[in-house]
Amino acid sequence: MHFHILPRVDDGPPDIQRSIDLARAAESDGIQLVAATPHLREDHPEVRAAELAARCQELNAALADADVALEVVAGGELDVLWVQEADEDDLRLASYGQRGTDVLLETPYGAIAPSFDAAVERLQTLGFRILLAHPERNRAFQQAPDRLLELVRDGVLIQVTAGSLVQTRRRSRSHELAVQLVEHGMAHVIASDAHSAGEFRPPNLSSGVAAARAVDPRVASWMVLDAPLAILAGEPLPARPGASRPRRRA
Ligand SMILES: [Fe+2]
């Protein structure tokens with residue numbers, strides 16, 4: 001649901017061979033279907049909504065030729081300022097499967113400014129359901145998780161990154177918030193946010209799913225299969241399997 005695999009457009013693979021390598025790494029990790037979500041953001045002018053379908057088609061053909069069993073559907077990672085400036089056609093072309101129902105909105109890296117609220121409002125007013133990308137990495141949400149609760153109550157879905165769920169030696173606020181979100185039933189999707197088959201953000205979805213399973217065994221596969229498939233289909237999410245009892249307040 002969050003995967004940078006299109007070649008030569010953003011900070012994902014620099015060429016088609018590296019895209020194929022990334023797809024192969026995803027296949028080895030047990031992934032069968034990904035949404036290509038290049039950055040629709042000012043600093044990546046090569047990403048144009050009108051070209052996304054053709055780019056995905058080209059990549060799918062290259063993957064079939066290379067015998068990689070991975071399907072790629074169109075999507076985009078929408079920057080809040082891009083959302084403000086895009087016309088409605090481009091917003092639809094940047095939505096999952098270009099269905100015009102669901103979009104992936106990038107959490108800003110700095111403060112949660114009025115531009116963020118304005119982007120959420122514009123998308124919701126136009127009828128889009130929002131999947132919010134990796135809010136656990138944002139300092140403001142780490143310090144005030146209740147802001148996320150408000151968004152969830154307002155219909156926003158939350159994507160946590162697989163890598164954030166995996167415990168590391170160093171204390172990580174991203175990890176702590178990602179785990180809290182799963183514990184409290186506030187996360188809807190686990191995604192890899194993969195960028196390469198190498199060191200830089202590899203597709204380690206399975207390790208994130210295993211980490212989520214350790215937090216709540218009932219909800220991990222819902223977050224990586226049932227909820228994502230409903231989003232790709234533009235349908236209501238199926239009921240979340242019973243959440244575990246919270247151990248502490250989020
Ligand atoms: Fe991303």
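Reply: Just after α1, G30 takes a positive phi of about 95°. Bear in mind throughout that the model is predicted.

Me: What makes the span of α1 close to the expected one?

Reply: Helix α1, residues 16-28, has 13 residues and reaches 18 Å from its first C-alpha to its last. At 1.5 Å a residue, 18 Å is expected, so the span is close to that value.

Me: Which residues of α1 are buried, and why are they said to line one face?

Reply: The buried residues of α1 are S19, I20, L22, A23 and A26. Seen down the axis of α1, they fall within an arc of 160°, so they line one face of the helix. The buried residues of α1 pack against α2, residues 52-65.

Me: What is found at the start of α1?

Reply: A side-chain oxygen of D15 reaches to within 3.2 Å of the backbone nitrogen of Q17 there.

Me: Why is H195 called buried?

Reply: Buried means under 20% relative accessible area, and H195 has 2%, so H195 is buried. H195 is placed in the loop between β8 (189-191) and α10 (205-215). Leaving aside neighbours within four places in sequence, its contacts include H4, L22, H39 and F200.

Me: How do you know that H195 and D11 make a polar contact?

Reply: The side chains of H195 and D11 are joined at 3.5 Å. The cut-off is within 3.5 Å, so the pair is counted as a polar contact.

Me: Is C56 buried or exposed, and how do you know?

Reply: C56 has a relative accessible area of 5%. The limit for buried is under 20%, so C56 is buried. C56 lies in helix α2 and touches L6, A36, V72, V73 and A74, not counting residues up to four places away in sequence.

Me: Why does R8 count as partly exposed?

Reply: R8 has 46% relative accessibility. R8 lies in the segment before α1, and has a positive phi of about 65° although it is not a glycine.

Me: Where is Q98, and what phi does it have?

Reply: Q98 is found in the loop between α4 (88-93) and β5 (102-106). Its phi is positive, about 55°, although Q98 is not a glycine.

Me: What makes the pair R137 and D193 a salt bridge?

Reply: Their side chains meet at 2.7 Å, N to O. A salt bridge needs a nitrogen within 4 Å of a carboxyl oxygen, so the pair qualifies. The pair links distant parts of the chain, 56 residues apart: R137 is in the loop between β6 (129-133) and α6 (139-143), and D193 in the loop between β8 and α10. R137 is partly exposed at 26% relative accessibility, whereas D193 is buried at 1%.

Me: How do you know that D193 and R201 form a salt bridge?

Reply: The side chains of D193 and R201 meet at 3.2 Å, N to O. That is within 4 Å, so the pair counts as a salt bridge. R201 is partly exposed, with a relative accessible area of 31%.

Me: Which residues are linked in a network of salt bridges?

Reply: E46, R48, E51 and R55 are linked in this way. In one of the pairs, E51 and R55 meet at 3.1 Å, N to O. By this rule the count comes to 12 salt bridges.

Key:
Residues numbered from 1 in each chain as written. Predicted model: local features only at pLDDT ≥ 70, side-chain atom pairs only at ≥ 80, totals over all residues. Heavy atoms only, no water. Helix = DSSP H or I, 4+ residues; strand = E, 2+ residues; numbered from the N terminus. Buried < 20%, exposed > 50% of the residue type's maximum accessible area, 1.4 Å probe, protein only. Arc of directions from axis to C-beta. Contact = heavy atoms within 4.5 Å. Polar contact = N/O pair within 3.5 Å; in protein donor to acceptor, adjacent residues only side chain to side chain.
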